[in-house]
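Me: Could you walk me through the structure below, a few residues at a time?

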Amino acid sequence: MDELKQIIADFQMDQLSAYGNLPERTKRLISFAVLTALGTLKSIPQEVAQALSAKVTPEAIAEAIFQCAPYTGCTRALEALEEAERAMHSQGIRLPLKSRATVTKDTRLAQGLAAQYAIFGKGNIDRNWESAPPELRHIQEYLSSYCFGDFYTRGELDLCTRELLTFCVLCTLGGCEPQLKAHIEGNLRVGNDRQTLLCAINWCIPYIGFPRTLNAISCINEITNK
């Protein structure tokens with residue numbers, strides 16, 4: 001066990017950390033998103049301690065986990081948040097944290113659409129709504145109001161960070177290549193360039209392994225080499 005831990009730690013410190021220029025805060029937030037997507041709860045307390053030492057706010061940690069819910073499903077996000085809050089409490093963080101919600105039941109749809117427009121372009125989103133058959137139109141409403149209205153509009157993390165975390169979650173889940181490619185384009189649109197995406201997936205390697213990493217790089221290449 002100790003030998004394997006040392007090999008992994010050396011890889012992270014000697015090679016992964018030397019690549020690219022992602023801020024430490026961003027790396028720590030990515031770690032929470034990836035662990036949530038994997039359902040690897042035992043690693044979260046250590047990540048909380050490391051994130052707090054790197055001056056990542058408790059609210060940012062929580063929001064990185066919140067951002068996962070529409071993609072991982074609610075159970076993984078709730079369990080990860082519970083574990084993170086338990087670790088925060090042990091570190092002397094006062095709970096509950098202040099809510100970062102910015103929408104109401106009356107505004108979540110409109111603000112969710114605004115977020116979608118910013119990420120994917122108004123024309124693309126409007127076409128998705130217009131082309132949806134009647135029996136599936138509710139899915140478009142769920143995407144706009146729940147996925148984007150309830151989560152992308154929250155405070156503490158900006159749109160670029162949330163979209164980068166979504167990219168990492170989709171890479172982690174695997175089997176989501178159509179959605180991954182759409183979110184690669186979305187990342188590019190909100191200001192996360194090819195190098196940022198490569199740095200993010202590089203940081204994910206110890207968590208997700210090389211097959212999913214290489215699949216993600218293939219998707220990045222397909223989109224950015226058009």
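**A buried glutamine and its surroundings**

Reply: The side chain of Q116 makes a polar contact with the side chain of S144, at 2.4 Å (a pair of N or O atoms within 3.5 Å; within protein, one must be able to donate a hydrogen and the other to accept it, and residues adjacent in sequence count only if both atoms are side-chain atoms). This is a predicted model, in which local features need pLDDT of at least 70 and side-chain atom pairs count only at pLDDT 80 or more, while totals for chains, interfaces and linings use all residues. Residues are numbered from 1 along each chain as its sequence is written, and side-chain values use heavy atoms, with hydrogens and water left out.

Me: Is Q116 buried or exposed, and why?

Reply: Q116 counts as buried because its relative accessibility is 3%, where buried means under 20% relative accessible area, exposed over 50% and partly exposed in between, with a 1.4 Å probe and protein chains only.

Me: And what does Q116 touch, leaving out residues up to four places away in sequence?

Reply: Q116 touches G121, I125, L143, S144 and F148, contact being heavy atoms within 4.5 Å.

Me: Switching topic, what is F167 in contact with?

Reply: Leaving aside neighbours within four places in sequence, F167 is in contact with L180, I184, N187, L197, A200, I201 and I220.

Me: How far apart are the C-alpha atoms of Q116 and L173?

Reply: They are separated by 22 Å, with the two residues 57 residues apart along the chain.

Me: Last one, how accessible is I139?

Reply: I139 has a relative accessible area of 35%, so I139 is partly exposed.
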